[in-house]
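Good morning, and thank you for coming.

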Amino acid sequence: MVAEKSEGGSDPPQGAGGRFDQLSPRQQALNVRAFSAVVAKFREALLEGAEALAVARDVVGAFADSKASGGPTRSEVWALIAERSLPQYDQAFFDSRRTIFEHYGAIQPYIAKKHQQRYALHPAVGPAILVHERLRRHRGIDELAALLDETSTLIGRRICDRATVEAKLLSCRQMLTLYAIHLERLVADASLKELAEGQREHNHPGLREKVVSLNRAVSEHFPGDHPLDYCRRSGNSPPGAGPASRNSALAKIL
């Protein structure tokens, strides 16, 4: 099922993440579009504006707040949303999103039997919202920071195997290099406004410290291991990579 495309021109809704560090609606939409390409099947099948995320957030709240035995009905979900806040969308838009949720199993019958009128929300919807909100703020930098933390923790466990550590380090290095390439492109071609917005996206507190800490952990736990040393040296371009300016771009991330 293909959802209708939203132009996404309105400001993002207020929430726990504030106004997403003042990134423009267009940049938020581009972040979501690139993220969704990993699992997309059709072109123009994404709702790129903030309204879809607002619906998802409201749906989570409605299901969590419902006191109905066996879960709320479809009409009760909308009633709860309308009672809790003034939604920035109408019921028709909500109904279209609810249909998508049901199609993908995000909203499921509470009991698997015919003519079931009460529903439950798949628990993965909540974490999905958190991921999308982080994506809108920092283009996935939060996930990179989490990967660095996870890798450092893994190395700290003496029972970890070298192959797992090498795979994690390679992932860290590849992600850092991709951000470096992106910044290299911005420096070469972006406007001042786009450069400022890119700086806000990549301004993640403590990222440099996480990289330094990980480098230190690798050196301490795997001294003299040259292949692992290559994997951890994120500031160096991989074989056959672009110009040396990429190292400078990577330094701007950190």
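This is a predicted model: local features need pLDDT of at least 70, side-chain atom pairs count only at pLDDT 80 or more; totals for chains, interfaces and linings use all residues.

Residues are numbered from 1 along each chain as its sequence is written, and side-chain values use heavy atoms, with hydrogens and water left out.

First, the overall layout. The chain has eleven helices and two strands; here helices (H or I, at least four residues) and strands (E, at least two) are DSSP runs, numbered from the N terminus. Read from that end, the order of elements is α-α-α-α-β-β-α-α-α-α-α-α-α. Of the 254 residues, 40% count as buried. The chain exposes about 14,300 Å², and carbon and sulfur atoms supply 56% of that area; the areas come from the Shrake-Rupley method with a 1.4 Å probe, and for residues only the protein chains shown count as cover. As for contacts, meaning heavy atoms within 4.5 Å, 69% of those with a separation of 6 or more join residues 24 or more positions apart.

Let me turn to helix H2. What does H2 reach from its first C-alpha to its last? The span of this 16-residue helix is 23 Å, close to the 22 Å expected at 1.5 Å a residue, where the expected span is 1.5 Å times one less than the number of residues. Twelve of the 16 residues of H2 are buried, so the helix is largely enclosed by the rest of the structure. Among them are Ala50, Leu53, Val59 and Phe63, together with the charged residues Glu51 and Asp58.

That leads to the interior. A nonpolar core is a set of buried Ala, Val, Leu, Ile, Met, Phe, Trp, Tyr and Cys residues joined through side-chain atoms within 4.5 Å. The largest one has 21 residues, of which Val59, Ile81, Tyr89, Phe94 and Phe101 touch the most other members. Two or more residues each come from helix H2 (50-65), helix H3 (74-84), helix H4 (91-103), strand E2 (119-121) and helix H5 (125-138). Of these, H2 gives the most, with seven residues.

Now to the charged side chains. A salt bridge here is a side-chain nitrogen of Lys or Arg within 4 Å of a carboxyl oxygen of Asp or Glu, and by this rule there are seven. In one of them, Glu102 meets Arg74 at 2.9 Å, N to O. This pair links distant parts of the chain, since Glu102 belongs to helix H4 and Arg74 to helix H3, 28 residues apart. Both are partly exposed, Glu102 with a relative accessible area of 22% and Arg74 with 37%.

Which of the two is buried and which partly exposed? Asp95 is partly exposed at 25%, whereas Arg98 is buried at 17%. Arg74, Asp95, Arg98 and Glu102 are linked in a network of salt bridges.

A further bridge joins Glu76 and Arg118, again at 2.9 Å, N to O. Glu76 lies in helix H3 and Arg118 in the loop between strand E1 (107-109) and E2, 42 residues apart.

Two last sites. Asp142, in helix H6 (residues 141-156), counts as buried at 15% relative accessibility. Leaving aside neighbours within four places in sequence, Asp142 is in contact with Arg134 and His204. By contrast, Leu192, in helix H8 (residues 192-202), is exposed at 73%. With Val187 and Leu195, Leu192 forms a nonpolar surface patch of about 310 Å² of accessible area. Patches are made of residues with over 30% relative accessible area and no salt bridge, like charges being joined within 9 Å and nonpolar side chains (Val, Leu, Ile, Met, Phe, Trp, Tyr) within 5 Å.

Terms used:
Buried means under 20% relative accessible area, exposed over 50%, partly exposed in between (1.4 Å probe, protein chains only).
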